[in-house]
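Open the model in your viewer and keep the sequence panel beside it. This tour moves from one selection to the next and says what is there.

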Amino acid sequence: MSSVISISGVSKTYATGFTALKDINLDIRRGEIFALLGPNGAGKTTLISIVCGIVNRSGGTVTVDGHDISSDYRAARGLIGLVPQELTVEAFETVRNALSFSRGLFGKPADPAFVEQVLRDLSLWDKRDSKIITLSGGMKRRVMIGKALAHEPKVLFLDEPTAGVDVELRKDMWALVRRLRDSGVTIILTTHYIEEAEEMADRVGVINKGEIILVEDKTELMRKLGRKQLVVELRSALDTIPEQLSQYGLELSPGGDALTYTYDNQADRPGVASLLRDLEAAGVQFRDIDTKASSLEEIFVSLVRKEP
């Protein structure tokens, strides 16, 4: 799959001497949903701002669909829609006019039918003639997404798009993002809501302290770095774990009525069959077993903690 955004050797050091980004190399595939995860101050917003031409980079190159963001700025920027974290909307403008104006800023001809479709997709059609100041925070967030889509971009950046948005509205936005991806729009998402990335992303990148730690297909990341837990519910409570089971590193529940075995996902249930055989050999009877896989959030936290 070809890349729509290519970031090569990008760095950013501010006048204060603070280095926000260090030698970032990243390719975003055309038509994917890419989730960029990282703690506050990791460099997510700085990286997005550089690609969108809002912040000047200290070094490196960035191209959007083959257009250099410096030497061919207008063409590159015209391909990008950006929904920033901050709610920055024209308070006294109507919803429909705000989208129409944004479309005109990019030199696109007026297209009331397209603007109407965007408003309907965002459940804003009923609010089309309302002044933005009268809207709720969640509705204002939808207006910002509508403005970013008004000029029909090929790439959409969503910087913490559902921050402060209720669960129902968040799920509506997830559905919209999937429809956009299906229509050919490439989505780059930064989020603190790990379930957002787990639900939607095709690939995940983790950034910490201005450096890309890892970029991986989401399913492959879950397979390689995730861990599983096998919980064995016992028929009779144990006071201690039998010595012959020590190799498994089992944890005994406070009540002694369950054993937990944690293992890597690298292989297909490694060691589980032998564990069950050894439980039987040790005379430990169980009534039920259950498994639980690591969430993307647990993987993310473990990756960040590994960084010095």
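Helices (H or I, at least four residues) and strands (E, at least two) are DSSP runs, numbered from the N terminus. This is a predicted model, in which local features need pLDDT of at least 70 and side-chain atom pairs count only at pLDDT 80 or more, while totals for chains, interfaces and linings use all residues. Residues are numbered from 1 along each chain as its sequence is written, and side-chain values use heavy atoms, with hydrogens and water left out.

**Stop 1: the loop between helix 4 and helix 5**

Select Asp126. This residue sits in the loop between helix 4 (112-121) and helix 5. Is Asp126 buried or exposed? Asp126 is exposed, with a relative accessible area of 72%. The cut-offs are these: buried means under 20% relative accessible area, exposed over 50%, and partly exposed in between (1.4 Å probe, protein chains only).

Ser123 has a positive phi of about 55° although it is not a glycine. Most residues other than glycine have a negative phi. At 46% relative accessibility, Ser123 counts as partly exposed.

**Stop 2: helix 3 against helix 5**

Select residues 95-105 for helix 3 and residues 137-149 for helix 5. Two packed helices are described by the angle between their axes and the distance between the axes. Here the angle is about 30° and the axes are 8 Å apart. Axes are lines fitted to C-alpha atoms, for helices over the stretch in contact, and angles run from 0 to 180 degrees between N-to-C directions. Helix 3 and helix 5 are therefore roughly parallel to each other. Angles under 35 degrees count as roughly parallel, over 145 as roughly antiparallel, 65 to 115 as roughly perpendicular and the rest as oblique.

Show side chains next. Helix 3 brings Val95, Ala98, Leu99 and Ser102 to the contact, and helix 5 brings Val143, Gly146 and Lys147. Contact means heavy atoms within 4.5 Å. By type, the residues of this contact are four nonpolar, two polar and one charged. Ala, Val, Leu, Ile, Met, Phe, Trp, Tyr, Cys and Pro count as nonpolar, Asp, Glu, Lys and Arg as charged, and the others, Gly among them, as polar.

Zoom in on Ser102 in helix 3. At 6% relative accessibility, Ser102 counts as buried. Leaving aside neighbours within four places in sequence, Ser102 is in contact with Lys147 and Ala150.

**Stop 3: helix 3 against helix 4**

Val95, Arg96, Leu99, Ser100 and Arg103 in helix 3 meet Phe114, Val115, Val118 and Leu119 in helix 4. This contact divides into six nonpolar residues, one polar and two charged.

**Stop 4: the nonpolar cores**

A nonpolar core is a set of buried Ala, Val, Leu, Ile, Met, Phe, Trp, Tyr and Cys residues joined through side-chain atoms within 4.5 Å. Which residues have the most contacts inside the largest core? They are Leu156 and Ile187, in a core of 31 residues. Helix 3, helix 4, helix 5, strand 7 (155-159), helix 6 (167-182) and strand 8 (186-190) each supply at least two residues. The largest share, six residues, comes from helix 6.

A second, separate core of 28 residues includes Val4, Ile24, Leu82 and Phe157.

**Stop 5: helix 1**

Select residues 44-51, which form helix 1. Seven of its eight residues are buried. Just after helix 1, Gly53 takes a positive phi of about 80°.

**Stop 6: Tyr248**

Finish at Tyr248, in the loop between strand 11 (227-234) and strand 12 (251-252). At 9% relative accessibility, Tyr248 counts as buried. Not counting residues up to four places away in sequence, Tyr248 touches Tyr261, Gly271, Ser274, Leu275 and Asp278. The C-alpha atoms of Tyr248 and Gly271 are separated by 8.4 Å.
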